[in-house]
Amino acid sequence: MSASRGRPIRLGLLGLGTVGLAAYDLLRRNQDEITRRSGHALQVVAVARRDTQAARRCVDDSVQVLADGHALVTHAEVDVVVELMGGIDPAKQWVLAAIDAGKHVVTANKALLALHGNEIFARARERGVVVAFEAAVAGGIPIIKTLREGLSANRIQWVAGIINGTTNFILTQMRQKGLDFSSALAQAQALGYAEADPTFDIEGVDAAHKIALVSAMAFGVRVQFDRVHVEGITQLQAADMRYAEQLGYRIKLLGITKRVDNGVELRVHPTLLPQRSLLASVEDAMNAVMVCGDAVGSTLYYGKGAGGDPTASAVVADVLDVARLMDADAVHHAPALAFQPSAVDDGPVLPQDEVVTSYYLRLRVRDEAGVLAQLTAILAQRHISLDAVIQREAQGDEATPHTDLIVLTHAAREGVMNQAIAAMQALDVVVQPVVRLRREVFA
Ligand code: NDP
Ligand code: HSE
């Protein structure tokens, strides 16, 4: 797979949708600048999508249009396969076929890598080719390169990020414009932010794919998507967004991974963040990732996390890197997941019950004497310390008077908090399911 300096690098684009088309256009638009940087012209020689007529309308006559992805990834004239079709099947077979055919691969497919990355990266190492995936996490933000190279001197302590543009867009539209959930989601889909299956976005699965990759790169552990604790935004209620705001917090869907004494935390869930914190001010489809290393301290990376052009920016940067690496022996490639494969350990992911954080609780209770005392007794018995308790008027016209109690706690182990919530729920005076959200400060 060595290319003499100056030889054009021939690309095959597998998928020509939001990201594929944007990558094709970007390669053309910035052709001269890209060649000046890479030392090679990057030429798209073939594209594949099932709707070949649509593809034909979008590309130059010189580009071969195929309906069969397998034909593209084994094409004799393709040096680098750029997988932008998404999904697991047949993307996995075709990525592996490309690797087996000795082709380098660039992909934006976080679902594929979160589920099968360990196998795919191992196969690529065996064959001496690169699988590059900058676009798989946080769209245009170069967080993969940052973790692999820029911060490689550090012992990383934690990473926390808004890493799904669709949900951040929805939460922002709901809060700022009072839009309902489905209209905000429809807008995100129209803007090309959402996954083919948008439940991946709104249920937190897409963020879980990404944080599983980030965690592996931050701590030198295997990609462990099946161990991520995942909660999306579909259960979030407008009342909690409003109360959070009144209390000086903003709710964001975060991907969080932390190194703790007994393992690694790996979780995605809506999180209350102080309104004035950097992450809380990240709006619309913007993403932001904070990484804390022992030497560098806290660092923040901000940018567009979804959409054609920003994602294409990361895809094309990967292609450029691959073009430069084509002259290098595989032994000189940086490890895909930032750590030497022989040094990767099976660091345990903490069960969510063992995670320690602080909480926001909302309880719809009967508005009568002694209720607060019963609730605080339950918390006190479990050594959960209160930070604040606020009573708010409940909405609606109910026959018996009810009220909302909002409780902010200090840090507690989640298993203990779950016991406390179950005990509260069992009280006659608690008339609706207790709402529990986690509260964090990343600075
Ligand atoms: P789209 O759905 O817009 O595009 C997918 C493309 O793949 C289409 O051209 C489709 O064409 C083609 N395709 C799908 N299945 C096949 C198949 N079996 N054979 C050949 N072609 C196929 O997706 P996106 O561009 O939004 O996403 C692509 C990838 O990038 C995904 O992995 C996604 O997670 C990732 N990504 C997307 C971002 C975004 O903001 N959109 C951001 C970051 C990553 P046809 O139907 O004609 O076959
Ligand atoms: N659907 C993803 C998002 C695309 O909304 O963030 C970027 O990975």
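Methionine 174 lies in helix α8. Helices here are DSSP runs of H or I with at least four residues, numbered from the N terminus. The model is predicted, so local features need pLDDT of at least 70, side-chain atom pairs count only at pLDDT 80 or more, and totals for chains, interfaces and linings use all residues. Residues are numbered from 1 along each chain, ligands are numbered from 1 in the order written, and side-chain values use heavy atoms, without hydrogens and water.

What does methionine 174 touch? Leaving out residues up to four places away in sequence, methionine 174 touches Leu179, Asp180, Phe181 and Met241. Contact means heavy atoms within 4.5 Å. Alanine 399 is 225 residues apart from methionine 174 along the chain, and their C-alpha atoms are separated by 30 Å.

Now turn to ligand 2. The residues around ligand 2 are Lys110, Asn164, Gly165, Thr166, Tyr193, Ala194, Glu195, Asp201, Asp206, Lys210, Gly305 and Ala306. Each has a heavy atom within 4 Å of the ligand. This shell divides into three nonpolar, four polar and five charged residues. Gly counts as polar, while Asp, Glu, Lys and Arg count as charged, and Ala and Tyr are among the nonpolar ones.

Next come polar contacts, pairs of N or O atoms within 3.5 Å. A polar side-chain atom of lysine 110 lies 2.5 Å from an oxygen atom of ligand 2. Glutamate 195 has a side-chain N or O atom 2.7 Å from a nitrogen atom of ligand 2. For aspartate 201, a polar side-chain atom also lies 2.7 Å from a ligand 2 nitrogen atom. Helices α8 (165-177) and α11 (205-219) each give two or more residues to the shell around ligand 2.

How values were computed. Polar contact = N/O pair within 3.5 Å; in protein donor to acceptor, adjacent residues only side chain to side chain.
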